[in-house]
Amino acid sequence: DLRFNALVGTVPSSIFSLPSLRYLDLAYNSLTGTIPNEVLANSNAGSSLYSVYLDHNRFTGDILYGSPLCDLRFDNLGTLGVDCEAHGAYIEVNCDCCTYCDESRDPALLASQKSVLEEFFQATNGTLWNIKTNWLVAGTNECDWFGVYCDEEGYVDRIDLDYNSMSGSIPSSFGQ
C-alpha cells in the first residue's frame, strides 16, 4: 500500500515481478506515463495479483478489451481502478475493463483548497509555527502537511494545529 504519498515518475516494471504480489495500491500520488499493460500480463505476478489501484495519478493511455491487462482483469484481477475522466490537470485513461473509474474529484476545488491553506500559512506567520512539517514544500500534497487531514478523495476534512504558536489573522478565504 503506497497510496497518499508524493511518488513521481513512471511505475517500474520490476514491481510486477514480485511472485506473491496480490494487492498494489499506488493511488493518490503523482505517477505519470502509461499504465503498463504488457508488464502486468507478462509478469510472474499475473496469477496472484488481485487488486490494483492506480487512480488519482496522472496516467495516460488506453486499457482496451483484448489488451493483456483486460485479459488479466477477466481472468482473476478482481479490482482495477483508474482515473477515467479528464479533469483539468488530471489526464484521462480510457478503460474498457476497469471495475471502477474515479470521476468524482473536482480539480478546481482541490487546487483552491491548497491555495487557501497556503494563504492561511502566510496570514498566520507559518514560518514561526512550532511544527510546520511539509508546509509549502515543493512537490508535496497538502494532505501530507502537518496537521492537515484529508478524506480518501483528497479533500481536506480536518485541520489540527493546536498549540502551534500561530499569530496573525485567519484569511477570509478560509472555509470557502
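**Aromatic cluster and cores**

Modeller: Phe120, Phe121, Trp129, Trp135 and Trp145 form one aromatic cluster. This is a predicted model, with local features needing pLDDT of at least 70, side-chain atom pairs counting only at pLDDT 80 or more, and totals for chains, interfaces and linings using all residues. Residues are numbered from 1 along each chain as its sequence is written, and side-chain values use heavy atoms, leaving out hydrogens and water.

Colleague: How many aromatic pairs are there by your rule?

Modeller: The count is seven. Rings of Phe, Tyr and Trp (its six-membered ring) pair if their centres lie within 6.5 Å; planes under 30 degrees apart are stacked, over 60 edge-to-face, and the rest tilted.

Colleague: Why is the pair Phe121 and Trp129 edge-to-face?

Modeller: Because their planes are at 70°, with the ring centres 4.9 Å apart.

Colleague: And Phe121 with Trp135, stacked or edge-to-face?

Modeller: That pair is stacked, at 5.5 Å centre to centre and 15° between the planes. Both Phe121 and Trp135 are buried (under 20% relative accessible area; exposed is over 50%, partly exposed in between, with a 1.4 Å probe and protein chains only).

Colleague: Switching topic, which residues have the most contacts inside the largest nonpolar core?

Modeller: Ile35, Leu54, Phe59, Ile63, Leu80, Val82 and Cys95, in a core of 20 residues. A nonpolar core is a set of buried Ala, Val, Leu, Ile, Met, Phe, Trp, Tyr and Cys residues joined through side-chain atoms within 4.5 Å.

Colleague: What does the second core include?

Modeller: That separate core of eight residues includes Phe120, Phe121, Val148 and Leu161.
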